[in-house]
Amino acid sequence: MSNSIINISIEEINQQKIYAQQVKAIEKVHSSYHVVTYGCQMNEHDSQKISGMLEHMGFTMAEDRTKADIVIFNTCCIRENANRRALGNIIWLKETKKKRPHMLIGVCGCMMEQKGMAEKILKQYPFIDFALGTGNLYKLPEILYNVIAGDIRCIRVSENQSTLVEGLPLVRPTREKAYISIMQGCNNFCSYCIVPYVRGRERSRKSADILKEAEALLKDGVKEIMLLGQNVNSYGKGTGDMTFPELLRALDIIGVPRIRFMTSHPKDLSPELIEEYAKSKGLCGHLHLPVQSGSDRVLELMNRGYDRESYKHKVMELRKAVPDIGITSDIIVAFPTETDEDFEQTLQLVKEIRYDSAFTFVYSPRAGTKAYNMKGKIPKEIATERIERLIAIQENITKEVLKEQLGKTCNVLVEGVSRRDETMLTGKNERNISVNFTANNKNLVGEIVKVKITDFGSNTLRGIGV
Ligand code: 5AD
Ligand code: SF4
């Protein structure tokens, strides 16, 4: 895998545009597409680009994957069950393809950047037509041209691992919200994590390109921009022309009504970023700050670069700056050698921090990572028991946090009509909690409105528009 940073040249992008025109000109058999997405927001964003490129080539979206002419699976490999789920669904489509042999099936995403995986999959499953790595996504037109015109199976992975591509077309599913990818890759090498191996080293986009994209989105009516990166608060390190807090400042100045970002690493949460939370008009009062474990011994083994005290201190500083901030987390249980005592420390930390919510995972060994070879595997029964205890405790805290919102007024970005109750509108408040509410005016989609909270469910709030 190459670690050098390559910005794809205009010539290369133009070459892909020519391939796209050629696909459009020769295509007679395939007209529709469907993209199946697994994993994180970064993958969702990549899928929006895949859809954008396909529509640019003249294909239209099909709701049902079994009726589409081209199906692309955008995979995730963060845990073994993510791999299994994607593979299961890909294999399931084999029967459909027997009845509709013209169907093209492609696989892309992080799984295709696992060493030897793309070759293995194409060898093992002859009904798959092409494989595309995350660093080569922009080459979809070329691949499709080869597959359609040349009637051959194709692989494009790894050789351009560290690419940043500007200006790809994109299909945005919602009008009011948009993603902007600001950096890619990760240099942290947490011992359990496969991301640095499949997404490569950290590389940041130029701030001018990001701001230009944000301005275009604002003109298009977007109200909320989510900045994406595997480690967003590393933005700008080494290659960038701004730090992450400076980028947030610049976005606030151009008037982005709502700014969010995902994901940040506790060790890089700087005083400047905390200050920006206090200062910024647009930055939402929510931070996803994965702690992973509450035990210093386990944090060290995980190579996280902080301990529970420094994590707690940063959360305290944040809450001083923004008293109403909502904090969410990712937590892994049953990391190799995790003792009952280590786990109790995690439970204790969860109770002290009082997260709005947390994603909880049982440790999954990933080949190639440092933890893969660690001794002290935790038996499945113990892992299950631990995650169930953790979930129960977090659910109780979530309920308490929701209850604390009763009587308060919050700002909600309206996304549409509630799925459960057509008389209600739904959206997210600044803390990223779903709020269902009644309002006299139903033409509020895409607007930020004030809602008074009157009730709560297991993970949603209910209220009245004011
Ligand atoms: N096993 C379990 N969970 C993992 N995560 C990352 N790698 C693993 C793994 N090998 C979790 C972390 C991370 C989130 C995106 O996925 O909690 O923050
Ligand atoms: Fe994985 Fe750690 Fe990088 Fe997050 S910071 S992507 S958990 S290596």
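Which residues of the largest nonpolar core touch the most other members? In this predicted model, they are Ile182, Leu227, Phe244, Phe261 and Tyr277, out of a core of 53 residues. A nonpolar core is a set of buried Ala, Val, Leu, Ile, Met, Phe, Trp, Tyr and Cys residues joined through side-chain atoms within 4.5 Å; buried means under 20% relative accessible area, with a 1.4 Å probe and protein chains only.

Numbering starts from 1 along each chain as its sequence is written, and ligands are numbered from 1 in the order in which they are written. Local features need pLDDT of at least 70, side-chain atom pairs count only at pLDDT 80 or more, while totals for chains, interfaces and linings use all residues, and side-chain values use heavy atoms, without hydrogens and water.

**Cores and helix H8**

A second, separate core has 29 residues, including Leu93, Val107, Ala118 and Ala131.

Phe244 and Leu247 also belong to the buried residues of helix H8. This helix spans residues 244–253, and seven of its ten residues are buried. Their cover includes helix H7 (207–219), strand S12 (224–228), strand S13 (258–262) and helix H9 (271–279). After H8 comes Gly255, with a positive phi near 90 degrees.

**Ligand sites**

The shell around ligand 1, counted by heavy atoms within 4 Å, includes Arg79, Tyr192, Gln292 and Asp330. Six of the shell residues are nonpolar, two polar and three charged. The table lists polar contacts, which are pairs of N or O atoms within 3.5 Å.

| Residue | Protein atom | Ligand 1 atom | Distance |
|---|---|---|---|
| Arg79 | side-chain N or O | oxygen | 2.9 Å |
| Tyr192 | backbone N or O | nitrogen | 3.0 Å |
| Gln292 | polar side-chain atom | oxygen | 2.6 Å |

Taken alone, ligand 1 exposes 410 Å², of which the protein buries 87%, by the Shrake-Rupley method with a 1.4 Å probe. Strand S15 (326–333) and strand S16 (357–362) are the elements that each give two or more residues to this shell.

Tyr192 is also listed around ligand 2, together with residues including Cys186, Cys190, Cys193, His265 and Arg304. The shell around ligand 2 has seven nonpolar residues, two polar and one charged.

How values were computed
Polar contact = N/O pair within 3.5 Å; in protein donor to acceptor, adjacent residues only side chain to side chain. Helix = DSSP H or I, 4+ residues; strand = E, 2+ residues; numbered from the N terminus. Nonpolar A, V, L, I, M, F, W, Y, C, P; charged D, E, K, R; others polar. Buried < 20%, exposed > 50% of the residue type's maximum accessible area, 1.4 Å probe, protein only. Contact = heavy atoms within 4.5 Å.
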